[in-house]
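The sequence and the structure are shown first.

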Amino acid sequence: MDTVLFCAHTEADGSLSVASLEALTAAKTLAEGLGAPYAVGLFGADVAAAASVVAGCGATAIHGVSGEAFGVSRYATDAAAMEALAKAASATIIVATDDSRASRAMPGVAARLGGRIDAHVTGLAVKDGKPVATRGYYRQRMQAELTRAARPWCLTVSAGCFAAYDGAPGEASVTAVEVPVTEAMTRTTLKAVIAPSADEQTIRPDAKLLFVAGAGWTKKQADGASHVADAGELILGFLGRSKASLGSSKSLVDMGGDGEAVLPFLTHLHQVGQTGATPRHPKGLATCCHGEEPHVVGWRFVGERRAVNLDPSCGWAQGKADVLYVADAFAVMKKINELLG
Ligand SMILES: Cc1cc2nc3c(=O)[nH]c(=O)nc-3n(C[C@H](O)[C@H](O)[C@H](O)COP(=O)(O)OP(=O)(O)OC[C@H]3O[C@@H](n4cnc5c(N)ncnc54)[C@H](O)[C@@H]3O)c2cc1C
C-alpha cells in the first residue's frame with residue numbers, strides 16, 4: 001500500500017503559502033482515494049506555526065525539520081530536508097507545490113531516493129485503484145494522464161488547481177527529524193531578497209480577477225492622439241483598487257522592446273497567450289485587446305471572460321468572451337475607478 005507525504009517549506013514568517021495548502025488538499029484527496037495513510041513533512045527555521053495550521057488535516061503524523069539553515073531557499077539544505085522527511089514517513093508518493101523552491105529541490109530528492117518525478121501536475125485522481133496524475137504538454141494544449149509503478153513517486157502540483165486546505169488550526173504534535181548540516185551544505189548563503197512591494201507587484205496569481213491590457217491603450221484615439229500616460233494611470237489605478245492581476249497582449253509588451261512609448265510597468269512576464277502565460281484566475285477582463293487566437297489561447301483556464309473593445313467584430317465577439325462591452329476602455333475604466341473610490 002502507498003503512503004502519501006505532503007511536503008512543504010515554511011515561508012519567511014513561519015506560515016504555509018496558499019500554494020502549499022493547495023498541495024495539501026491534493027495529497028489528502030489522493031490518499032483518501034487510495035485508502036492510504038498520509039503524513040505531513042514540514043521544513044523551515046521553525047515549523048511549529050505551520051504545523052498548527054495543518055494539525056486537523058487528518059495526517060497520521062507530522063514530521064518536521066527545523067533549524068536556521070532550513071529557513072532559507074537553498075538546494076542543498078532543502079533537498080536534504082525533503083529526503084529525510086520522505087524517509088521518516090516511509091513515503092511512496094510525495095506531493096509538494098511547484099513553487100520555485102520545491103521545484104528546484106524535488107528532482108534531486110527523487111534521484112537520491114531512487115524514485116521518479118512528475119512536475120506541474122494539475123490533477124490527481126485514483127483510477128482502477130491506481131494513482132493518476134494529470135499534466136499538460138505543449139503549453140497545455142495536450143493533457144496527459146500518467147501513472148507509474150516506480151516508487152517513490154514525487155509530484156509537484158501547480159497552483160490554482162486545488163482548493164487550499166482551510167481546516168481549523170489546532171495543537172500539533174511534531175515528530176522532529178534531525179538532518180545534520182555540514183559546511184558544504186551551507187556554502188550558498190542568502191544575502192538579500194529583492195522583491196517589489198505588494199503594490200508594485202502586478203502579477204498576482206491569487207487574485208480573483210485577471211485584468212488584461214492590450215495594444216489599444218497606446219494607439220491613437222478618437223481625438224487623433226495617443227494617451228499613454230492616462231492609460232498607465234487608469235490601469236494602475238484599477239489594479240491598486242481592485243488588487244487584480246495584470247496581464248498583457250504580446251503586441252503591447254513587445255512595444256517596450258521596439259523603443260516605442262509604452263506602459264513602463266509591463267514586462268514580458270505579463271504576456272498571456274500562446275507564447276506567454278496561461279493564468280488561472282476565476283474571472284478575466286480584457287481591455288483594448290483584440291482577442292486574437294494566439295492571445296486568447298492563454299485564457300483557456302480563465303473562468304468568466306469579459307472584454308471591452310471599440311470594435312464590435314473583434315475576436316472577443318467571435319465566441320471568445322462571455323460578455324463583450326463595445327465601449328471606449330478609457331471611459332469605462334475611468335468610471336470603474338470612480339465607482340471603486
Ligand atoms: C506565433 C505567434 C505567437 C503569438 N503569441 C502571442 C501571445 O502569446 N500573446 C499575445 O497576446 N499575442 C500573441 N501573438 C500575437 C497575436 O496574434 C496578436 O498580434 C496580439 O495578441 C494583438 O495584440 P492586441 O490585441 O493587444 O493588439 P491589436 O491587435 O492592435 O488590438 C488592439 C485593440 O484595441 C482596441 N482599442 C483601441 N482603442 C480602444 C479603446 N479606447 N477602447 C477599447 N478598445 C480599444 C482595438 O479595437 C483593437 O481591437 C502571437 C502571434 C504569433 C504569430
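Two strands are taken to pair if DSSP finds at least two bridges between them. The model discussed here is predicted. In strand 2, L42 is the bridge partner of A8, and this contact belongs to the parallel pairing of strand 1 (residues 4-9) with strand 2 (residues 38-44), which extends over six bridges.

Helix 1 (residues 18-34) packs on the sheet, where it touches strand 1 and strand 2 as well as strand 4 (93-97), strand 5 (116-127), strand 6 (130-137) and strand 8 (153-157). The direction of helix 1 makes about 155° with that of strand 4.

The sheet as a whole is open and consists of nine strands in the order 7-6-5-8-4-1-2-3-9, with mixed pairing. Its edges are formed by strand 7 (142-146) and strand 9 (174-176), each of which pairs on one side only, and neighbouring strands are turned against each other by 35° on average, direction ignored.

A further parallel pair is formed by strand 10 (residues 209-213) and strand 11, over four bridges, with A213 standing opposite S248 in strand 11. Between these strands the chain passes through helix 5 (residues 228-242), and this β-α-β crossover from strand 10 to strand 11 is right-handed.

| Pair | Sense | Bridges |
|---|---|---|
| Strand 1 and strand 2 | parallel | six bridges |
| Strand 10 and strand 11 | parallel | four bridges |

In a regular strand, side chains alternate between the two faces of the sheet.

Notes
Residues numbered from 1 in each chain as written. Predicted model: local features only at pLDDT ≥ 70, side-chain atom pairs only at ≥ 80, totals over all residues. Helix = DSSP H or I, 4+ residues; strand = E, 2+ residues; numbered from the N terminus. Axes fitted to C-alpha atoms, helices over the stretch in contact; angles between N-to-C directions. Contact = placed C-beta atoms within 7 Å. Right-handed = clockwise from strand over helix to strand, strands pointing away.
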